[in-house]
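Good morning, and thank you for making time for this item. I would ask you to keep the sequence and the structure in view while I speak.

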Amino acid sequence: GGTGGSDSCSGSGTGGNAQIIPIASIQGSGATSPLVGQTVSTQGVVTRLTNTGFYMQSLVEDGNPATSDGIFVYTTSAPSVSLSQLVQVAGTVTEFNAGASTNALTLAHTITELTSPTITVLGSGYSVTPTVLSFPATEAQLEAVEGMVVQINQTITASQNYFLGRYGQVTLGVGGRLVKPTNVFPAGSADAQALAQANAQRQLLLDDGSSLQNVNPMPYIGADNTLRAGDTLPGLTGVIDYGLATSDNTGLALYKIVPTQSVSFTRANPRTST
């Protein structure tokens, strides 16, 4: 599922053919696609490449804020398309579970994908305008932009870097660093529960868009060849997705953002000279 944003665009190329189903109709307004298991044809602009596929987004929004205009196309290996191409894709609508079959979190947040795709390039030089995404944001608001390019115009803080080297992931806090509730409030207290809920609406997982482990060079490394919790970004633009946040496929999962522009953290939490 997801939200149509302000997807104004420009470019040149040839038109498609009949019986094209808009991406928003494939995504639907719920947590899963109404067309799961069906083979469909759709069109969109390539917005981000990964090592196993690409994200694409409709040229024209459908006007429904409950349905996403973006989707991931799973090609199994590096895709042959290029950024900014307008493509037509015929594929099977699938709901991908990023975790184990017993993981309640990932089962509740499956990702709508097109699999076994046949891809036709229709033109090049296209662009879509990112949809502004503001935090705090509910799960429904994030689900509404699944697969779409979004722009966050708030200060973003690196809150955890444990999996940066292995998975290319950084846990982010939008509007300040995330503090573990039980560091400041008694476990199980109303205050701790309230902070946990507030944290959930301010967190996002920065992901390098690769399923490879221990990539070289390591992404997002900053000054002194490191990235420190507390370092900041003035904003971020990328595609919204969902996936595992730890090495445990039965464990924590979060909404994530795969950047479409360069990411350069500012050292906002320096060590003392001592």
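This is a predicted model: local features need pLDDT of at least 70, side-chain atom pairs count only at pLDDT 80 or more; totals for chains, interfaces and linings use all residues.

Strand 11 and strand 14 run parallel and are joined by two bridges. In this pairing, Leu-206 stands opposite Ile-257 of strand 14.

Strand 13 and strand 14 run antiparallel, and seven bridges join them. Here Asp-241 is the residue that stands opposite Lys-256 in strand 14.

Eight strands form an open sheet, and their order is 7-8-13-14-11-10-9-12. The pairing within this sheet is mixed. At its edges are strand 7, residues 131–132, and strand 12, residues 232–233, each of which pairs on one side only.

Is strand 14 enclosed or open to the outside? Seven of its seven residues are buried, so strand 14 is largely enclosed by the rest of the structure.

The largest nonpolar core comprises 29 residues, and Leu-206, Ile-257 and Phe-265 have the most contacts inside it. Two or more residues come from each of the following elements: strand 8 (149–152), strand 9 (156–160), strand 10 (169–174), strand 11 (203–207), strand 13 (236–244) and strand 14 (253–259). Of these, strand 13 gives the most, with four residues.

Which residues does Ile-257 touch, leaving aside its neighbours within four places in sequence? Its contacts include Val-150 and Ile-152, then Leu-172, and then Leu-204, Leu-205, Leu-206 and Asp-207. Further contacts of Ile-257 are Leu-236, Thr-237, Gly-238, Val-239 and Ile-240.

Finally, I come to the surface. Val-179, Val-184 and Phe-185 form a nonpolar patch there, and together they have about 220 Å² of accessible area. Val-184 belongs to helix 5, which spans residues 181–184. With a relative accessible area of 48%, Val-184 is classed as partly exposed, because the exposed class requires over 50%.

To close, I return to strand 14: it pairs in parallel with strand 11, it pairs antiparallel with strand 13, and its seven residues are buried.

Key. Residues are numbered from 1 along each chain as its sequence is written. Side-chain values use heavy atoms; hydrogens and water are left out. A nonpolar core is a set of buried Ala, Val, Leu, Ile, Met, Phe, Trp, Tyr and Cys residues joined through side-chain atoms within 4.5 Å. Buried means under 20% relative accessible area, exposed over 50%, partly exposed in between (1.4 Å probe, protein chains only). Contact means heavy atoms within 4.5 Å. Two strands pair if DSSP finds at least two bridges between them. Patches are made of residues with over 30% relative accessible area and no salt bridge: like charges are joined within 9 Å, nonpolar side chains (Val, Leu, Ile, Met, Phe, Trp, Tyr) within 5 Å. Accessible areas come from the Shrake-Rupley method with a 1.4 Å probe; for residues, only the protein chains shown count as cover. A salt bridge is a side-chain nitrogen of Lys or Arg within 4 Å of a carboxyl oxygen of Asp or Glu.
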